[in-house]
Amino acid sequence: MVTLFEEYQNRITSDISTCIEELGCQPILFIGSGMSKRYFQAPNWQELLSVMSEQCPNIKKEFAYYTQSHSNLIEIGDIFANAFKEWAWEDGRENFDRALFSPDMPPDIYFKTKIAEYLINLTPHNVSNIQDVNLQEEINLIQSIRPHAVITTNYDTFLELIFPDFTPVIGQSILRNNYSAVGEIYKIHGCVTEPSSIVITSKDYDEFSKKKKYLSAKLLTYFAEHPLVFMGYRAGDPNIKAILTDIDELISVDNQLIPNIYIIARDEKLTNNSEPPYEAVISIAEHRNVRIKNVSANKYDWVLRAFGANPSIPKVNVKLLRAIQARTYDLVRYDLPRKELQINLEKLEHQLSSQEEFAKIYGITTLDGYSSSSLNYKYTLTEVAEKLGYKGWYDASQLIEKITREKGENIKSFDNKYHQLITIGRQERHKYSDDLVELLKKVRDQENYDLDLSHS
């Protein structure tokens with residue numbers, strides 16, 4: 001007998017699979033401090049400030065005094081930055097590199113340098129340094145997701161260890177990127193490798209807030225076209241609220257569920273009789289909420305397997321993809337306008353008009369049989385949804401789930417007159433027929449319907 005929580009897992013897993021399949025691209029991982037805390041006991045923001053308060057003699061009182069006296073952690077960061085500067089210029093000069101006393105150095109560089117040193121010493125030098133077998137397995141599963149990109153507010157370099165082929169893009173360098181490349185780690189709050197980039201004082205946050213709109217616009221294509229997965233954050237985390245505020249303004253309509261955004265919430269109290277909510281409602285302003293998908297788990301393994309189950313481009317060298325994309329960008333933006341290359345444009349146009357020939361430009365071959373097997377099963381779920389008058393695949397997916405609940409048959413789990421699973425190399429694609437369109441019309445309109453599975 002399937003338990004309530006197993007039913008919840010199955011439904012979430014199916015939803016993730018459908019989302020990745022319909023969008024046809026890999027997830028974007030948005031990773032917070034909870035991940036670093038899980039794997040090497042890194043501190044969250046408040047804990048980090050508490051640790052730093054013990055490293056500066058000019059911070060006279062216990063950390064609790066500052067939390068009682070100030071309304072937010074940014075104010076405490078300002079006080080500590082000033083205390084570290086005074087210490088550096090008085091009795092603590094030998095604790096800092098001489099280059100930091102240059103006139104052009106910012107006054108908070110001493111505070112940020114000590115933060116960087118602390119986190120560098122705390123971060124493992126290699127993923128293999130983590131001894132817990134279960135945590136090692138989780139890291140392997142995170143790697144198997146093969147995300148398109150990673151976004152983080154963490155300062156440490158642990159993500160660079162998990163994704164060694166990815167390129168970190170730090171702070172405001174994100175705004176200067178000319179293209180949205182695969183295989184990048186966007187460190188939007190700075191990194192310990194560049195202490196001055198760390199966002200922790202009120203001045204830092206003011207500058208970040210001014211440019212956050214540009215950052216969100218830069219990443220909007222990611223948010224709209226990829227599954228977006230929040231890991232290591234609480235639902236009420238201000239970083240999540242800030243990002244979702246901009247997403248809501250740009251792509252959310254009439255308080256509808258945003259179908260491609262998930263937040264993973266760890267809850268060790270879950271049992272077989274638990275049925276967590278499928279949605280998370282996050283308040284981003286007064287009388288304004290955003291609805292995203294909630295994934296509650298007492299263990300991460302099944303969730304990570306779901307996101308990594310069917311990578312759109314399996315086992316491809318990320319550095320090679322980045323190089324191809326960068327070269328293509330330069331070719332279109334710079335080389336062609338300057339006439340620096342001799343190119344047969346007529347032949348290129350012919351190749352771009354054919355999917356097979358276009359693939360050959362990149363040294364990628366296509367496989368026969370796909371088009372012939374799609375004569376009867378010619379729709380993606382997105383196309384099915386459009387035929388039903390919906391704007392996206394999620395509404396059609398909900399109708400299929402309703403059939404599963406009412407008839408006890410998941411028509412996506414096997415080949416039948418409504419659905420066929422087509423394998424292309426190592427990839428699997430769910431395709432649908434006109435029969436499914438007609439069936440879902442009846443389900444949508446709450447008419448009586450029967451399943452015809454005689455041709456399964």
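**Notebook: salt bridges and a pocket**

I looked up glutamate 406 to begin with and found it partly exposed, with a relative accessible area of 45%, where buried means under 20%, exposed over 50% and partly exposed in between (1.4 Å probe, protein chains only). The model is a predicted one, in which local features need pLDDT of at least 70 and side-chain atom pairs count only at pLDDT 80 or more, while totals for chains, interfaces and linings use all residues. Residues are numbered from 1 along each chain as its sequence is written, and side-chain values use heavy atoms, with hydrogens and water left out.

**Entry on helix α17**

I noted that glutamate 406 forms a salt bridge with lysine 402, the closest N and O atoms being 4.0 Å apart; the term asks for a side-chain nitrogen of Lys or Arg within 4 Å of a carboxyl oxygen of Asp or Glu. Helices here are DSSP runs (H or I, at least four residues), as are strands (E, at least two), numbered from the N terminus.

In helix α17 (residues 393-407) I also found arginine 405 and glutamate 401, again four residues apart, whose side chains meet in a salt bridge at 3.9 Å, N to O. Arginine 405 is exposed, with 55% relative accessible area, whereas glutamate 401 counts as buried at 13%. I then followed a network of salt bridges that links Arg11, Glu401 and Arg405.

**Entry on a buried pair**

I looked up lysine 112 and aspartate 108, whose side chains meet in a salt bridge of 3.3 Å, N to O. Lysine 112 is buried at 1% relative accessible area, and aspartate 108 is buried too, at 11%. By the salt-bridge rule I have a count of 19.

**Entry on the second largest pocket**

I recorded about 1,000 Å³ of space in the second largest pocket. Of the 39 residues that line this pocket, Ser33, Trp45, Tyr233, Asp237 and Asn239 are the closest to its centre. A pocket is an open set of points on a 1 Å grid over the protein atoms alone, where a 1.4 Å probe fits, with protein on both sides within 12 Å along at least five of seven lines, and lining residues have an atom within 4 Å of a point. The volume is the space filled by probe spheres set on the points, which are joined across faces, edges and corners.

I saw that α2 gives the most to this lining, with six residues.
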